[in-house]
Amino acid sequence: MTLSIAKLLSHSENARTFFSRQGVLFVVALALFAILWVTNVRGPGTGFIPVLLYTLIIGNLTTPIMNHLAPFSSGLRFPFDWVAYLIMLLLTAVACASLTVTVVMVLNGASFDSFFAQLWSMGKFVVIVILIVGSVRHLHEESRVRLEGQNLELQRAVEIGNTRSQQQEQELDKAREIQEGLLPKKIPQVRGLEVVGTWQPARVVGGDYFDVLKFSESKIGVCIGDVVGKGISAALLMANLQASFRAFASEAVSPGTLVGKLNEVISNNIAADKFVTFCYCLIDTMDNRLTFASAGHCPPILFHKSGEAVPLKEGGTPLGIFPERKYEDATLQLESGDRLVLYTDGLTEAMDSDEQEFGELRLVELGSRDVALSASEMLAAVKKEVVSFCNGGFQDDFTLVVIAVKSVRSG
């Protein structure tokens, strides 16, 4: 069935081409007759019907012959291709004109003594017109072939581009899977605390990072980091940061010491225009103590049960700038009902349609309002508010960690 339809379409296309050619030849015959009439050329075979017959026969003979001969000239460089084509067209038109005159004379029973006179009187005009029409047609055909070639090249380029784009998308998806694998799949918990976190890159992959390590039933380490920039380069540096943090972190290593070690490693593996902000918190529920060190990161905010917000602004310069930089520990006591919020600047720098930033003030107001919520409820409330504020259009990677102090031991 499909083959029959294809044949039918092919025949239909051939018929359309044939009748289109007859229309062109009819117009040529009409123009030629008008020229003869205006120039007052009279004689045998100059009437409209003979002119039409000459044109139709010569045109229909010349066209298929030139279709077969044209490839021989198309292989030559310009202008030799046109010279060869015009010579073949002239010889073909003269040959077809001679054959046509012969046929017409035989049909009319005319004497062949007047053959050359007939050929010269009518054939020369038809040959000239065929040369003109054939040249125009050849020019059109060259343009069509060139355009088809350009379209084919464009199509191939698009297909190659689509293939590469698909490959890149697959590679980026795989990179995202790998990066998500570097984040904690299940956040460990210790007695008296609830720890939750969320991570959202601005692109498929990003440079934000957080991690949670459980050292004992009463001691836990929480870190958050932000590599300057976005995309693959930031993701690679983030992977380096994660591996180094996991290698150095332990119950016995203080936050200041750990951040200093990370700074040495990052400084030796970072481009001159890159840096990393980082904050590490060590929480011991046995003595209700939070010890932290920050390397230029957004200050964590400690919300007391009363709603009071305390930004933890102590810290040093970002990682990767000064290799010998030392970082100090900062310590404070925790109370039941406290909420500690760690975040990256993708949250506070999220913009609305008027290009207004979400800002730290809104975050403080939200935290103070929702301080009675659990850690997971507070995280969901803040994330919902930020996403609604920027309509989901984050310009930078966005990470948020919330730690709820459910109870503390008395000293």
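Is Phe 358 buried or exposed? At 2% relative accessibility, Phe 358 counts as buried. Buried here means under 20% relative accessible area, exposed means over 50%, and partly exposed lies in between (1.4 Å probe, protein chains only).

This is a predicted model: local features need pLDDT of at least 70, side-chain atom pairs count only at pLDDT 80 or more, and totals for chains, interfaces and linings use all residues. Residues are numbered from 1 along each chain as its sequence is written, and side-chain values use heavy atoms, with hydrogens and water left out.

**Aromatic pairs**

Rings of Phe, Tyr and Trp (its six-membered ring) pair if their centres lie within 6.5 Å; planes under 30 degrees apart are stacked, over 60 edge-to-face, and the rest tilted. By this rule the count is four aromatic pairs. Two of them are tabulated here.

| Pair | Type | Centre to centre | Angle between planes |
|---|---|---|---|
| Phe 245 and Tyr 280 | edge-to-face | 5.4 Å | 75° |
| Phe 358 and Phe 389 | edge-to-face | 5.4 Å | 80° |

Phe 245 sits in helix H5 (residues 231-248) and Tyr 280 in strand E4 (residues 276-284), so their pair ties together parts 35 residues apart in sequence. Helices (H or I, at least four residues) and strands (E, at least two) are DSSP runs, numbered from the N terminus. Phe 245 is buried at 0% relative accessible area. Tyr 280 is also buried, at 0% relative accessibility. Phe 245, Phe 278 and Tyr 280 form one aromatic cluster.

Phe 358 lies in the loop between H7 and H8, and Phe 389 in helix H9, so this pair ties together parts 31 residues apart in sequence. Phe 389 is buried, with a relative accessible area of 17%.

Thr 348 belongs to helix H7. It is buried at 10% relative accessibility. Leaving out residues up to four places away in sequence, Thr 348 touches Tyr 343, Glu 357, Phe 358, Gly 359 and Glu 360. Contact means heavy atoms within 4.5 Å.

Gly 359 is also one of the buried residues of helix H8 (residues 359-369); the others are Leu 363, Val 364, Leu 366 and Gly 367. Their cover includes strand E6 (301-303), strand E7 (309-311), E9, H7 and helix H9 (375-390).

Thr 344 lies in the loop between strand E9 (339-343) and helix H7 (345-348). It is buried, with a relative accessible area of 0%. Its side chain reaches the backbone nitrogen of Thr 399 at 3.0 Å. Beyond its neighbours within four places in sequence, Thr 344 is in contact with residues including Asp 208, Asp 226, His 297, Cys 298, Asp 397 and Thr 399.

Cys 298 is in the loop between strand E5 (289-295) and E6. It is buried at 18% relative accessible area. Outside four places in sequence, Cys 298 is in contact with Tyr 343, Thr 344 and Asp 345.

Phe 26 is found in helix H1 (residues 2-38). At 39% relative accessibility, Phe 26 is partly exposed.

Methods. Polar contact = N/O pair within 3.5 Å; in protein donor to acceptor, adjacent residues only side chain to side chain.
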